[in-house]
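Biologist: Let's go through the interfaces together. Can you put the model up?

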Amino acid sequence: MKSFLKGVHKVILFMQGISGVVLTFVIVLTTADVLLRIFGHPVPGAVEITAMCGGIVIGFTVPMTSWMKGHIAVDFLLNSWPTRVRNTVETITRCVGIVMFIFIGVNMIRIGRGFQIANEVTGTLELPMYPVVYGIAGGLFALSVVLFCDIVKIYGGEVHE
Amino acid sequence: MNEVTVGIIALVVLLALFFTGLELPFCMILVGFCGFTYLVDFAAASHMVASDVYEVFASYAYTVFPLFIFMGQIAFVSGIAGKLYDSAYKFFGHIPGGLAVATVGGATAFKALCGSAVATAATFSNLAIPQMNRYGYSRTLGTGLVAIVGTLGCLMPPTIFLIIYGLITEQSIGALFLAGIFPGLGIAVLWILTIFIWAKITPGLAPAGGRSTWKERFASLPEVAVVLGVFLLMIVGLLKGFFTPTEAGGIGVAAVLVMVIVGRQLTFKSYVTAMGEGLRTACMLLMLIAGSAVLGHFITVTNIPMYISEWVMELPVHKNIILVVIFFVYLIGGSFIDDLAFMILATPVFYPAVQKMGVDPIWFGIMIAITVMIGIVIPPVASNVFVVHKLTNTPMSQVYKGVMPFLAGIAVFGAILFVFPEIATWLPKYLMGK
Amino acid sequence: AQEKVIKLKFSNPHPMTFSSAPVMAAFCDEVKKRTNGKVEITHYSGGTLTTFPKTYDGIVSGVADIGHSHIGYTRGRFPVTEILDLPVGYTSGFVATHVKWDYYKKFKPKEWDKVHVLYFWSVGPQILATTKKELKKFDDLKGMKIRGTGRPADIIKAMGATPVALEMGDVYDACQRGLLDGVYDAMEIWKGFRLGDVLKYGYLSQRGAGSIFTFYVAMNKRKWDSLPKDIQKIMTDTAEEWVDKHAVTTLQADQAGMDYLLSKGGKVLTLPDAELKKMKAAVQPVIDDYMKSMEAKGSKKADMQAQLNYIYERIDYWSKQEKERKLKSPYEKK
Ligand code: NA
Ligand code: NA
């Protein structure tokens, strides 16, 4: 189990790394766009590219955020309950999350499929939109795996950080 | 069951769900999805959840968040806060209460780059508390002050809080930033007054520190000048329409990066750390916004916002009473759940009514920012107080005791702004004609 | 037995301040009236239910039962219908609205099969407006920074100017600060977004390029099929009447936009015919490129040409109708 957790951690860390590289690219792109615009040569489609990059930046950070318990939750009540009750409630909420994000991911793939079949493209550069949709769906599937890891951590008998 | 009943039941269920420890955005998505399924149908709801998450994540306007937050993180890891605090300390350290005044000054300046209330509280717990200990300051005053200075982050530009408010209500983010400046400075001044008065009536509370020479003082200024320069670049660029908020974020990060790389204050390792922190905070925010988009679409089909705004117009009471009630709801909501989360949740519901009453949306935004500043530090969920309590090993009750006098400052200013909205609205009107 | 009221959700991303929104709200009321309250349509304006880019998928999936958007928001989704977005020289919003709807009724492209189209309409044609520099001749446009995204960006480029992609909300400031030299959009926005404050010269350039997006109001197919025949007929008839209501409203909205510019000290000019001809020639490649790309996708050249000819023929027809009906138009030659 420990190696499974380690493996998952590696994958989502890598995903967050991609987000970091993409965000760095966005910083360079917007700065270049603004500076070049002063001289009358804006970067064509900068807005579209930024939006699509933003999708990957956030989508690929979702699993790591959840791993580090970064999503806002009200836990002061939960923490005041006995460990057994807390573990049960936590297991249930993790299961709800897993089902929910697999479901959203599948529906997102369907939206992406729709874009792909209809050849829907961005307004100016006419870039295909589906790869970003698939990317975000991938982030949500990874989130489900992270939520599963939460359960593993509860019953794995070891404190894992 | 009619739509409104469904909506009210769903909101009660939502509140109950919050306390199970399920992440807030997940709760919002779940309730929004189930409610939409009930009122519309399963296929529509399935599409809606996925397309809302996709649209929020891959939105141009929301890319502003990772950029601004990353900028704050860079400022945080590169030690800019320390330099700003030192500078303020050199000017005010020698007067009684001066260290506390320096904390207010340093935090207000740091705020120009870092948008997070908790990060500001954490930074100044580490910076200011040891100094205050050295000169025999009261723990109550010191910890109370660092717990509250970060809340200025809601009001002083560039603030994430007002950016989100602007995006939700389609108000000019530049105008909101301008509107936040005077109230932000006003509250800072009230805090300084609080420190002086408190020090006066309680001898030994805040003794004088060491005096610096004028040479030392001026030597500390260039750093401050650079920070203010980046701040001005962003604000002016936004106001003059040179760039969009997202571009301002990009330019701001680039400028701060150049500054800290030239000053050799940034290693690759700290760049990666800052990036990771920034990405996760932005992700947390956008997940919240995605959750509220799903919930919001459900609330739209319950027609509750429409009924509220019609009902408010027919209420036989003065609109000021209605406004006070609305602010009170924000206060209670913000004290229970995260301040931003509650703003994102409640604003789409109340905003149509506020619009119908003819209230200035810019002023309303500033008022709820002030309300939420109070919500951040009052129980039961007071993340700032908690951080200070942890970092300084001070009992929660003592931190709260220290927070109270400063809280009075915010409340007093809120009342003043309620009576004189011009304090907020004058600057954007004067500079932008809006 | 008491008959159950059919409740429908109409998603209109335009805010109520935009001229088309009250017309659509009135459509909802009219259907209720004509069906004796059997059909109740709730009009959600300002994007509270779906935003423009999400409206089409929203209709298909049933998030909205009826939705309003334009095909530029889903570029590639309606490749055949995009022929209506080309710079074919729509002379007014009245003409464009009727031509677009006639086109749909005649050709009914297969790409619309997933929804039930209630009607097409269009705002007034995109025309040039500049901030400081007055265009004396078409060539003066070279190198000017003009706001435009999507297909209009192609057209602006073909005219020799530099297209700049900006959100509508940022255009005002950008004009004021010289980041933009002008805009290429319907006249209505001169008032709606108060651009009349910062624009100085408007040109009735619609006879040169005259392009505009194709807006549609469409309904979820399953929902439509589930409606009783008599209700369907009432909705179809009402929609047909509403096309003309939109057509007339665009003239008023564009007039209001022009009046606003004039009241702020702006001027509305017409380029000399020779210059408009140059403009027309400059944008012709946009049409040619489109025709070529459609051929590459397997459309027959003759079919496409026939559609284009039909569009030109209908533009003539409706231009004459506009005159015959003595509608007050802001597009009369200045
Ligand atoms: Na609180
Ligand atoms: Na709070």
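Biologist: How many residue pairs are in polar contact between chain A and chain B, both at pLDDT 80 or more?
Modeller: Four residue pairs. A polar contact is a pair of N or O atoms within 3.5 Å; within protein, one must be able to donate a hydrogen and the other to accept it, and residues adjacent in sequence count only if both atoms are side-chain atoms.

Biologist: What are the ground rules here?
Modeller: This is a predicted model: local features need pLDDT of at least 70, side-chain atom pairs count only at pLDDT 80 or more, and totals for chains, interfaces and linings use all residues. Residues are numbered from 1 along each chain as its sequence is written, chains are lettered from A and ligands numbered from 1 in the order in which they are written, and side-chain values use heavy atoms, with hydrogens and water left out.

Biologist: Which residues form a salt bridge across A and B?
Modeller: Arg94(A) and Glu23(B), with the closest N and O atoms 3.0 Å apart.

Biologist: How many residues does the contact take from each of the two chains?
Modeller: 53 from chain A and 52 from chain B, where contact means heavy atoms within 4.5 Å. Chains A and B bury about 4,400 Å² between them, 80% of it on carbon and sulfur atoms. Buried area is the accessible area (1.4 Å probe) that two parts lose on being put together, summed over both.

Biologist: Which three residues supply more of chain A's buried area there than any other three?
Modeller: Ile58(A), Ile72(A) and Val74(A), with 16% of what chain A buries against chain B.

Biologist: Switching to chain C. What area is buried between chain A and chain C?
Modeller: About 1,200 Å², and carbon and sulfur atoms give 52% of that. Each chain puts 15 residues into the contact. Arg37(A), Glu120(A) and Thr124(A) supply 38% of the area chain A buries against chain C, more than any other three residues.

Biologist: How many salt bridges between those two chains?
Modeller: Two. In one of them, the side chains of Glu120(A) and Arg77(C) meet at 2.6 Å, N to O.

Biologist: And how many residue pairs in polar contact across A and C, both at pLDDT 80 or more?
Modeller: Three.

Conventions:
A salt bridge is a side-chain nitrogen of Lys or Arg within 4 Å of a carboxyl oxygen of Asp or Glu.
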